[in-house]
Amino acid sequence: SWLGTKLLYEQISFFFYVRIFIPINRAISVCALMLLGCLVLFAYTFPGKLKLNTVHAKGFVRKPAVPQFWHRFGPSNLDGEIPERMKRDEPKKIPEHLDYGPLDEPNSMEYTKVLSALRTQIGSLYAVDISGKETNFSYAHLSRRPWTEQLRANFLWAVNLHVPNKTQRTAYFEQLLSRQNPVAQLPRFAHAIIFHPPEIREYLVGPMNAPTEIQLLRTLPYQKRPLGTIEYEALVDFLAIQCTQLDSLLQEVYGASYFRDVPSAQWRLGTNEGYSARSSGNGTSRCQTKFDKPNAFGRPHCLMPTFTSPMITHEAPDRRRMWLRLMHQVITFIQHPVDIQFYIPWLSDVGPVEIKHGICLFESTVDPPGAPVRRHYEFALNPSVEYGLPTVTENDHTNFGFGAPGRALTVRFITSLFNYDYLFDVVFHTTGVVEFAVTPSGHIHVDAFYPWPEQNRFKPVGLVQSSNAFGFLSNTDLLNFVIHHHLFHFKLDVDVIDQRNAFDVVYVYGPLSLNDSQTNLQGPGKTDPSLPPGLWMTKKRVKTEMEARFHTKFEVPAQYLTCAKADQFSRSGPPNLNCVALVNKGAIKTLLSDTHTEAFAWTRHQLSVTRYHDDEPRASSIYNGVDLVDPVVNFTKFSENDESIENADLVLWVTVGNYHLPRHEDLPNTVTSGGKLAFYLTPHNLFRYSPDALQCDRFFTKNVSRFKKLIGFEDPEWTQTVYHNPSRGSDGTRKQENPQL
């Protein structure tokens, strides 16, 4: 930057001034430095020739992230504009049939071929044609038909990659590790879901680049289908009919009316019972009359519907029902206005969507940020007595400093579901630890609270009857912050050395674990009043799946170990098995009963261990949110057959989550600070020492002066002090250490 150039020039000038009477044999060096100074001044004086990497923005100068005195030739940029980042040459365009990985979702070419094969097999099948050409079976053609016809049509709901089985995946990755050439590619088949009234059909189609096989995997009752765009829009029209008849009541109670005064053309085209000109409204509702008036807060006089997922419940197991609520159509920021507002255009969820750069791979420091992955500081104190206390004399085992910076490789993707965003991270630490984390953000749902302020809002009147029983009331707005919880489930197919593993649990005990905090126990059955209480542990081999359902008990801490096959252990060999430990920092258990968690039974335990099966790919499905009585995937059945998990291929099912009690600081959005939910796979006697013990940027020194130089504290005040204690200054006060080391 120009500041760096100016400082360099001043240093060169100062150097020449103080050494003007140098010997002749050093004149060449001085001339070389003068020449360098001239070159730098040339770069500064003629920016049109050599452009400085300078960022100007209304009187403030920011140094570039990577110091560069100049970069490529080009016009000057001193008019306040931020220069574009230097870019490498763009790579050549990759052919579409090669522009995907072996486990990527179908690309546009594969989607087109799968759709063509399905239409050949089924006949009339409506779907989105990404070619842009509308046909009689394009979704664009179907969307203009009445809702009744659309709901009766065969419609392609989803096309996803059918993940190859474990045997195929293992063989593929072993070829990559052994550097075999050529590597046999994984088969790429599609898993297609078709709404085919009166049922749902799932097909296996492939290979996707040239389909030759179409297999019907299963059929499901049509009432288990998730809520789609067609059904959603039909419900919006249905509410337009109902709310028009209730318009006077809505305006009286909410000061607003339904956002749609008349149903859409798709409703009016059909012979829909209940629709008439009288019930279609006349355009004089509160929402319609204020429609054209600009309002920075949105359209608060309009009510928008929000729907739950369709549900089949115990109360009505033979019916598909749905709950809805009407909300004022206001932007999110009305909850807490801010200076900057972003407009994100709405995109239809119909048809294939390609997300570029949806996964990010980057290196970062460890958590906590900027901290070392390991350190130790132990220099002897001198003199032998300080502040009246004896100190340690200098010797080899107490006179050293050691440190190593921590780094990790992070794979991140973010998913947006309704009002919440979730940051998912998989972090590979140099220590061999693998971290799995999810962090919620987004904006909270709130309830309008009437009347406000309530006269007895702070009076304790019991749990359910209290106005703040379901969340905190806002101090400033007519809002009720609703309590809710976030639950996440992870499937871990852990193979330690090979696929023959066992599962051990190490329990840690103390006097409190035995409900006897008064007893002075040093171990199980060992009591000595003259000794302090102790801790001890026991290890248990878990043999069956029903035993491997775990709840967190804080009074008996547990360590969960997935270990290599037992026949590797011998009395003449190492005393410990090679294992991987699971450490869950976000363990949670649902507070709902088993009766109401049949569709998401994985919430009942923080950890379940089962034997691997290809037909148990996940603990839930897109249909489970609909049928709460007889879910398509019943996770409890994964364990109920109680198979042996000794010397078997094991799967760990891990649950993390939290209970969120929103408060004012969740406005305008829930912050990520303190919200991370994570668990870790850590090596446990798997290596001789930590895998990063010999990392190239570690340091070790027995020289206190060198240690101070390495951590960036070369203070003259320190070097002149009579004490050799780098943690204190000459006045006896403790110095701040560099947190990186």
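Me: Which residue in S27 is the bridge partner of Cys-563?
Reply: This is a predicted model. S26 covers residues 558-564 and S27 covers 579-584. The two strands run antiparallel and are joined by four bridges. In S27, the residue paired with Cys-563 is Cys-579.

Me: Which residue in S26 does Asn-501 stand opposite?
Reply: Strand S21 spans residues 501-509 and pairs with S26. The pairing is antiparallel and runs over seven bridges. In S26, Asn-501 faces Ala-564.

Me: How many of the seven residues of S26 are buried?
Reply: Buried means under 20% relative accessible area. By that cut-off S26 is mostly covered. The count of buried residues in S26 is five.

Me: Which strands each supply at least two residues of the lining of the second largest pocket?
Reply: This pocket holds about 580 Å³ of space. Its lining has 19 residues, and those nearest the centre are His-551, Thr-552, Lys-553, Ala-558 and Tyr-560. At least two lining residues come from each of S25 (549-550), S26 and S27.

Me: How many residues of the lining of the second largest pocket are charged?
Reply: The lining splits into three classes. Eleven residues are nonpolar and five are polar. The charged ones number three.

Me: Which residue in S28 is the bridge partner of Arg-549?
Reply: S25 and S28 run antiparallel. Two bridges join them. The partner of Arg-549 in S28 is Ser-608.

Me: Which residue in S29 stands opposite Arg-611?
Reply: S28 (residues 607-611) and S29 (residues 650-660) pair in the antiparallel sense over five bridges. Within this pair, Thr-610 stands opposite Val-651. For Arg-611, the residue opposite is Leu-650.

Me: Why is S28 largely enclosed by the rest of the structure?
Reply: S28 has five residues. It is largely enclosed because the number of them that are buried is four.

Me: Is Glu-231 buried or exposed?
Reply: Glu-231 sits in helix H7, residues 229-245. Leaving out residues up to four places away in sequence, Glu-231 touches Leu-151, Arg-225, Pro-226 and Arg-320. The cut-off for buried is under 20% relative accessible area. Glu-231 has 13% relative accessibility, so this residue counts as buried.

Me: What is the C-alpha to C-alpha distance between Ala-140 and Asp-129?
Reply: Ala-140 belongs to helix H4, residues 139-142. At 33% relative accessibility, Ala-140 counts as partly exposed. Asp-129 is eleven residues from Ala-140 in sequence. In space, their C-alpha atoms are apart by 8.8 Å.

Me: What percentage of the residues of the protein chain count as buried?
Reply: The chain contains 13 helices and 31 strands. It exposes about 45,400 Å², with 57% of that supplied by carbon and sulfur atoms. Of its 741 residues, the buried share is 36%.

Note on methods: Residues numbered from 1 in each chain as written. Predicted model: local features only at pLDDT ≥ 70, side-chain atom pairs only at ≥ 80, totals over all residues. Heavy atoms only, no water. 1 Å grid on protein atoms, 1.4 Å probe; cavity = no way out; pocket = protein on both sides within 12 Å on 5 of 7 lines; lining within 4 Å. Points joined across faces, edges and corners; volume = space filled by probe spheres on them. Nonpolar A, V, L, I, M, F, W, Y, C, P; charged D, E, K, R; others polar. Buried < 20%, exposed > 50% of the residue type's maximum accessible area, 1.4 Å probe, protein only. Pairing = 2+ DSSP bridges. Areas by Shrake-Rupley, 256 points an atom, 1.4 Å probe, with all protein chains shown as cover. Contact = heavy atoms within 4.5 Å.
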